[in-house]
Amino acid sequence: MQDAEKKIEQALWIAHTLFQRRMATGSTANISFRVNEDVYISGSGTCFGTLRKEEFAKISLTGERKNGVKPSKEYPMHLMFYEKDPNIQGVIHTHSFYSVLYSCLKQENDEDILPPYTPYLKRKVGKIGIIPYASPGSERLFRLVRENINKSEAFLLKQHGPIVPGKTLMDAFYGLEELEESAKLAWFLKGDKKILEIQKETE
């Protein structure tokens, strides 16, 4: 229990920090961590800016609820990462601005969409894949994530936001920050043709 309490405090710090840095808004983000065979995830409808320790749902690795808090509707995506690699101990999903913006562009390589403008994204996260658009929390979204989860280390959900795992919660936090900064760099370095690409995608 002591390990869970320590990780909850860390998760709260991360959530509040991301909110203060405007990388999470409203009730659109979710964060989880693993403790042995259990997963703690921010509850449905919670806000990173005001998240409290009482607002974490406790579920099994198969999704069975173990306390009275309703988990985020996107908990199946988190469980897929824990299933993928037992070394993953934390997962963060936000709707951070530049990551969403960059996800709207047409990509040449769906398994590695962000150019290595700095060395840090590859070191901290790895390849960033793109998941085709599907409604948040939908079965179609979960199916698409499952179909692609072994192709890249982290993902941008198209028109939705990043989801980043880590061997620790802090690793996931550092990776998410690096992904957002890389997306910002990529957006500005891509040039004027990015506007035309978005227009073609929406025609």
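A polar contact is a pair of N or O atoms within 3.5 Å, in which, within protein, one atom must be able to donate a hydrogen and the other to accept it. The legends below describe close-up views of a predicted model.

**Figure 1. Ser-152 and its polar contact with Glu-111.** A polar atom of the Ser-152 side chain lies 2.7 Å from the backbone oxygen of Glu-111. Ser-152 sits in the loop between helix 5 (139-148) and strand 6. With a relative accessibility of 1%, Ser-152 counts as buried, because buried means under 20% relative accessible area. Beyond residues up to four places away in sequence, Ser-152 touches Lys-84, Glu-111, Lys-127, Ile-128 and Gly-129.

**Figure 2. The largest nonpolar core.** In soluble globular proteins, nonpolar side chains tend to be buried together. The largest nonpolar core here has 40 residues. Leu-18, Ile-31, Phe-56, Leu-114 and Ile-128 have the most contacts inside this core. At least two core residues come from each of helix 1 (2-20), strand 1 (30-35), helix 3 (97-103), strand 5 (128-131), strand 6 (154-157) and helix 6 (169-190). Helix 6 gives the most, with 9 residues. Another core, of 21 residues, lies apart from the largest one and includes Ile-41, Ile-59, Phe-81 and Ile-163.

**Figure 3. Surroundings of Ile-128.** Ile-128 is among the residues with the most contacts inside the largest nonpolar core. Neighbours within four places in sequence are left aside in this view. Ile-128 is then in contact with Glu-111, Asp-112, Ile-113, Leu-114 and Leu-121, and also with Ser-152, Ala-154, Phe-155, Leu-156 and Leu-179. Of these partners, Leu-114 is itself listed with the most contacts inside the core, and Ser-152 is the residue whose side chain approaches the backbone oxygen of Glu-111.

**Figure 4. Helix 2 within the structure.** The buried residues of helix 2 are Pro-76, Met-77, His-78, Leu-79, Met-80, Phe-81 and Tyr-82. Phe-81 is also one of the residues of the 21-residue core. Helix 2 supplies at least two residues of the lining of the largest pocket.

**Figure 5. The largest pocket and its lining.** The volume of the largest pocket is about 280 Å³. It is lined by 14 residues, of which Ile-88, Val-125, Pro-165, Gly-166 and Lys-167 are the closest to its centre. Helix 2, helix 4 (120-124), strand 7 (161-166) and helix 6 each provide at least two lining residues. By type, the lining divides into 5 nonpolar, 2 polar and 7 charged residues.

**Figure 6. Two loop residues with positive phi.** Most residues other than glycine have a negative phi. Arg-22, which is not a glycine, has a positive phi of about 60 degrees. Arg-22 is in the loop between helix 1 and strand 1 and is exposed, with a relative accessible area of 72%. Gln-159 also has a positive phi, near 55 degrees. The position of Gln-159 is in the loop between strand 6 and strand 7, where Gln-159 is partly exposed at a relative accessible area of 45%.

Figure 7. Leu-144 belongs to helix 5 and is buried, with a relative accessible area of 7%. Asn-148 touches Ile-131 and Phe-155, with residues up to four places away in sequence not counted. Asn-150, in the loop between helix 5 and strand 6, counts as exposed at 65% relative accessibility. The C-alpha atoms of Asn-150 and Ile-131 are separated by 12 Å, and these residues are 19 apart along the chain. From Leu-144 to Leu-189, the C-alpha to C-alpha distance is 29 Å across 45 residues of sequence.

**Figure 8. Lys-106 in the loop between helix 3 and helix 4.** Lys-106 lies in this loop and is exposed, with a relative accessible area of 57%. The C-alpha atom of Lys-106 is separated by 27 Å from that of Leu-18, a residue 88 places away along the chain. Leu-18 is one of the residues with the most contacts inside the largest nonpolar core.

Definitions and conventions. Residues are numbered from 1 along each chain as its sequence is written. This is a predicted model: local features need pLDDT of at least 70, side-chain atom pairs count only at pLDDT 80 or more; totals for chains, interfaces and linings use all residues. Side-chain values use heavy atoms; hydrogens and water are left out. Buried means under 20% relative accessible area, exposed over 50%, partly exposed in between (1.4 Å probe, protein chains only). Helices (H or I, at least four residues) and strands (E, at least two) are DSSP runs, numbered from the N terminus. A nonpolar core is a set of buried Ala, Val, Leu, Ile, Met, Phe, Trp, Tyr and Cys residues joined through side-chain atoms within 4.5 Å. Contact means heavy atoms within 4.5 Å. On a 1 Å grid over the protein atoms alone, a cavity is a set of points where a 1.4 Å probe fits but cannot get out, and a pocket is an open set with protein on both sides within 12 Å along at least five of seven lines; lining residues have an atom within 4 Å of a point. Grid points are joined across faces, edges and corners, and a volume is the space filled by probe spheres set on the points. Ala, Val, Leu, Ile, Met, Phe, Trp, Tyr, Cys and Pro count as nonpolar, Asp, Glu, Lys and Arg as charged, and the others, Gly among them, as polar.
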